[in-house]
Amino acid sequence: MRYYSTNRQSESTTLGDAVVRGLAPDRGLYMPERIATIPKAFFNHIGEMSLTDIAYVVANTLFGEDIESETLKTIVNDTLNFDIPLVKVDDCRYSLELFHGPTLAFKDVGARFMARLLGHFNATDGNGDVNVLVATSGDTGSAVANGFLNVPGVKVYVLYPKDKVSKIQEAQFTTLGANITAIEVNGTFDDCQALVKSAFMDSELNRKMKLTSANSINVARFIPQMFYYFHAYAQLMRMGEKLDNVVVAVPSGNFGNICAGLIGKRMGLPVKRFIAANNRNNVFYEYLVTGEYHPRKSVATIANAMDVGDPSNFARILDLYGNSHDAICAEISGCTYDDNQIKATLKDTYERTGYLLDPHGAVAYRALSEYMKPGEVGVFLETAHPAKFKDTVEAIIGEEVEVPARLAAFMKGKKETVKMNAQFPAFKKYLMSL
């Protein structure tokens, strides 16, 4: 399988090269040249299959030409060594709980898969250390740092905006040491993402060191996120739900998660439509309404992992639908909520059902509550454990939120960071000095 750039100004390349590069030379994002359809027989029996069996079929459909079968099975099994349950919240609305992995966030799936895939390709070519640059608005940093911790031949640099991630999120990638370095940027997530992209485009830096990214701009990070959409469908089948009107609401920031779901739909996953649920950072919602895309600086919200003003994966969505606004709107709708609406939804849902949302899941749950149609079955993505936003959630519900032991352990570590301004020359100077 070849992978091409969404900007179409670079030559297509192999999966291994796309994973190691992260970003194409023309600054575009890599996409597979073919998206094969999975036979209908698979979906007829998906309810009888385990998460890892489902994920292997999906992974093999995309990556089978490039990775030996047993190696791919090992990568899938090592990645998905935790459950991803579908939990009924109220009538016809289900939470897909993506917070049962090592860092209690949905990005554990993509980060762990990519770490193992990158380790495989790096061991194969044997050309020295790979340096992973990753910008985070919250959970990406912790998932990537823990996914790559102590992976031979890989060094990770996590860039995050100072004072704009929760203390628990910060502790998950600033206390690890070993091959993980946290870089505290005096700016926004968009500034961090711009530094990463600029590093990839700097020829002097790339001559000195092998650079790649573990953000959802990397094809190996975002594509595996489609595994749990298929798994959700299998669980709905086992529960005896209607399967012809499934709607999925996705809390959307950099749009890698929903883009993976859209590719899954292209592969045959019977999802009727997707809802891209935004916080106040709503440039994609505005695109749906107006047909015009106007990226801008992000604004801080209590759903901080979605605080993205220029989502990278918008380019992939445009590419997937041939730049057709009508085609995009036919399969994706949008909504946008401010902090007060997010708080009200979180509080009301907890008091009414006993189910505790995190701020990001609250955005998606509200989207289902307002935009589901009669006869539809709704799935929303609960992307992180509420305890990762302990202070915020406790202030909303007026009760203490218990912190799982895995999270509490991170809080005991010593924070170590490299402080950086948001200008690329300072970042380049730091990398050149390594």
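Start with contacts across the chain: among pairs with a separation of 6 or more, 75% of the contacts join residues 24 or more positions apart. Keep in mind as you click around that this is a predicted model.

Now switch to cartoon view. The protein chain shows 20 helices and 13 strands. Its radius of gyration is 20 Å, close to the 22 Å from the globule rule for 434 residues, so the chain is as compact as a globular protein of that length. If you draw a box along the principal axes, the C-alpha atoms fill roughly 60 × 50 × 45 Å.

The accessible area of the protein chain is about 16,000 Å², and carbon and sulfur atoms contribute 48% of it. Colour by charge and you'll have 45 positive and 49 negative side chains, with the centres of the two sets 3 Å apart.

Hide the surface and go inside. Buried residues are 60% of the 434 in the chain. In soluble globular proteins, nonpolar side chains tend to be buried together.

Which residues touch the most other members of the largest nonpolar core? Select Phe-63, Phe-148, Met-226, Phe-230, Phe-284 and Ile-317: they are the ones, out of 99 residues in that core. Zoom in on Ile-317 and, skipping neighbours within four places in sequence, you'll find it in contact with Phe-255, Ile-258, Cys-259, Leu-262, Phe-284, Ile-328 and Ile-332.

Notes:
Residues numbered from 1 in each chain as written. Predicted model: local features only at pLDDT ≥ 70, side-chain atom pairs only at ≥ 80, totals over all residues. Heavy atoms only, no water. Helix = DSSP H or I, 4+ residues; strand = E, 2+ residues; numbered from the N terminus. Rg over C-alpha atoms; globule rule 2.2 N^0.38 Å. Buried < 20%, exposed > 50% of the residue type's maximum accessible area, 1.4 Å probe, protein only. Contact = heavy atoms within 4.5 Å. Areas by Shrake-Rupley, 256 points an atom, 1.4 Å probe, with all protein chains shown as cover. Lys, Arg positive; Asp, Glu negative; His and termini not counted. Charge placed at Lys NZ, Arg CZ, Asp CG, Glu CD. Core = buried A, V, L, I, M, F, W, Y, C linked by side-chain atoms within 4.5 Å.
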